[in-house]
Amino acid sequence: MRNFPSIFETIEDLEKEQVDGLLKLAQKFKNNPDIQHGQSLFLGRKPIVANSFLEDSTRTKNSFAIAIHKLGCTYLDFNAETSSLKKGESLEETLLTLYAQGVDLCIVRTSQSRELNGFKDSPPIKVINGGDGTHQHPTQALLDLMTLIDLAGGEEELRGKVVTIVGDAYHSRVTHSLMALLPLFGVKIIICGPKCFQVPPETLNDSISQTDQLEPAIEKADFIYLLRIQLERHRKLDITNDQAEILKNYHQHYGLNPIKLNKINSKAPLLHPGPANIGTEIDRELIKSRRYKGHLQVYNSVFMRMAIIASILQNGDKNIGYVDEMLIRE
Ligand code: CP
């Protein structure tokens with residue numbers, strides 16, 4: 001098995017065995033929520049972990065912060081808005097600066113797709129992708145997998161199940177990570193939404209299909225995964241008049257409420273990576289109902305992110321920070 005990557009950018013950076021290891025470790029953390037895990041994990045120097053969110057966040061930033069505290073690491077809240085990034089300093093120089101100050105790992109969220117990819121040959125610091133543009137959100141997909149296994153009652157029970165993803169898949173970094181991850185666990189994906197939100201046909205395969213028909217897609221679902229319309233990532237959408245009408249009345253066409261959902265599928269739990277736009281893809285009654293599992297995803301997120309942080313910190317990679325002998329860490 002490969003070492004855990006020092007730049008964890010995409011699901012494809014991991015082997016299946018590494019994902020299995022993360023699931024096991026996250027479950028161990030979940031089963032022992034009260035112990036200070038860092039005491040046994042980091043016997044030497046206490047690692048310093050920074051959160052650098054160059055784009056807004058509630059769930060990801062806070063769950064990483066809580067995970068860092070629970071692991072007994074020192075937490076650094078790097079405020080991009082008041083940093084020298086605003087004076088034109090590059091992200092790479094920023095990360096090298098943090099490393100020279102003694103930071104071991106930085107969680108980065110950026111609106112630029114693939115911005116972290118260029119760091120892989122020579123990592124300025126260890127990095128976890130907290131979501132990059134429309135590209136990937138690998139830690140969200142991993143905590144979603146953990147939640148799906150919980151809801152199915154086990155990994156074997158999840159195999160062969162169908163997850164229907166409804167909404168703006170094209171602009172969804174979470175969808176792109178789920179498309180890489182879930183088929184490794186025998187899960188089939190149906191992507192459903194108006195044509196202007198669909199993923200390119202060449203990214204479909206035996207495990208991933210796509211439709212603009214809501215009813216059959218929901219009917220076949222064992223789990224329903226809703227997405228918000230990610231307006232902040234829309235460039236110029238080249239859409240026809242009928243697509244424009246669908247977007248204008250999105251709730252009527254693709255939004256769910258309890259009556260509509262129960263008529264088509266009375267069982268499948270509902271997931272959502274958040275933030276949800278109530279009244280667009282989901283209504284208030286449904287988000288308050290027992291079928292909605294978004295808060296279980298958030299609960300699991302802390303344990304999965306603890307597992308990811310622990311794994312990257314312990315990967316033994318000495319090739320960090322451009323390997324200045326004076327800066328080599330024990
Ligand atoms: N799921 C997710 O990334 O949510 P935030 O944008 O609130 O972090």
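This is a predicted model: local features need pLDDT of at least 70, side-chain atom pairs count only at pLDDT 80 or more; totals for chains, interfaces and linings use all residues.

User: Okay, sheets. In what order do the strands S1 to S5 sit, and how do they pair?

Analyst: The order is S1-S5-S4-S2-S3, in an open sheet of five strands with parallel pairing. S1 and strand S3 (74-78) stand at the edges; each has a single partner strand, so one side of each has no neighbour in the sheet.

User: How many bridges join S2 to S4?

Analyst: Five bridges join strand S2 (residues 48-53) and strand S4 (residues 105-110), and the two run parallel. As one example, Ser 52 has Val 108 as its bridge partner in S4. Helix H4 (residues 91-100) packs on this sheet, where it touches S2, S3, S4 and strand S5 (126-132). The direction of H4 makes about 155° with that of S4.

User: And what holds paired strands together?

Analyst: Strands of a sheet pair through backbone hydrogen bonds, in either a parallel or an antiparallel way.

User: Got it. In what order do S6 to S10 sit?

Analyst: Those five strands form an open sheet too, in the order S8-S7-S6-S9-S10, with parallel pairing. Here strand S8 (208-211) and strand S10 (270-271) are at the edges, each with a single partner strand, so one side of each lacks a neighbour in the sheet.

User: Which helix packs on that one?

Analyst: Helix H5 (residues 138-152) does, touching S6, S9 and S10. The direction of H5 makes about 150° with that of S9. As for S9 (residues 223-226), this strand pairs with strand S6 (residues 162-166) over four bridges, in the parallel sense. Ile 165, for instance, has Tyr 225 in S9 as its bridge partner.

User: Switching to H7: how many of its residues are buried?

Analyst: Seven of the nine residues of helix H7 (residues 173-181) are buried, so it's mostly covered. Among them are Arg 173, Val 174, Leu 178 and Met 179.

User: Now the ligand. Which residues are around it?

Analyst: You'll find Ser 57, Thr 58, Arg 59, Thr 60, Arg 109, His 137, Gln 140, Pro 273 and Gly 274 around the ligand.

User: What distances do you get for Arg 109, Gln 140 and Pro 273?

Analyst: An N or O atom in the side chain of Arg 109 is 2.9 Å from an oxygen atom of the ligand. For Gln 140, a side-chain N or O atom is 3.0 Å from a nitrogen atom of the ligand. With Pro 273 the backbone takes part: one of its N or O atoms lies 2.8 Å from a ligand nitrogen atom.

User: New topic: how many disulfides are there?

Analyst: The count is zero. Take Cys 106: the closest cysteine sulfur, in Cys 73, is 13 Å from its own sulfur, which is too far for a bond. Cys 192 is in no disulfide either, as the nearest cysteine sulfur, that of Cys 196, is 12 Å away.

User: Are those two buried or exposed?

Analyst: Cys 106 counts as buried, at 0% relative accessibility. Cys 192 is buried too, also at 0%.

User: Last one: where is Pro 5, and what does it touch?

Analyst: Pro 5 is in the segment before strand S1 (7-8). This proline is buried, with a relative accessible area of 13%. Leaving aside neighbours within four places in sequence, Pro 5 is in contact with Asp 13, Leu 14, Gln 18, Ile 312 and Asn 315.

How values were computed:
Residues are numbered from 1 along each chain as its sequence is written. Side-chain values use heavy atoms; hydrogens and water are left out. A disulfide is a pair of cysteine sulfur atoms within 2.5 Å. Buried means under 20% relative accessible area, exposed over 50%, partly exposed in between (1.4 Å probe, protein chains only). Two strands pair if DSSP finds at least two bridges between them. Contact means heavy atoms within 4.5 Å. Axes are lines fitted to C-alpha atoms, for helices over the stretch in contact, and angles run from 0 to 180 degrees between N-to-C directions. A residue is near a molecule or strand if one of its heavy atoms lies within 4 Å of it. A polar contact is a pair of N or O atoms within 3.5 Å; within protein, one must be able to donate a hydrogen and the other to accept it, and residues adjacent in sequence count only if both atoms are side-chain atoms.
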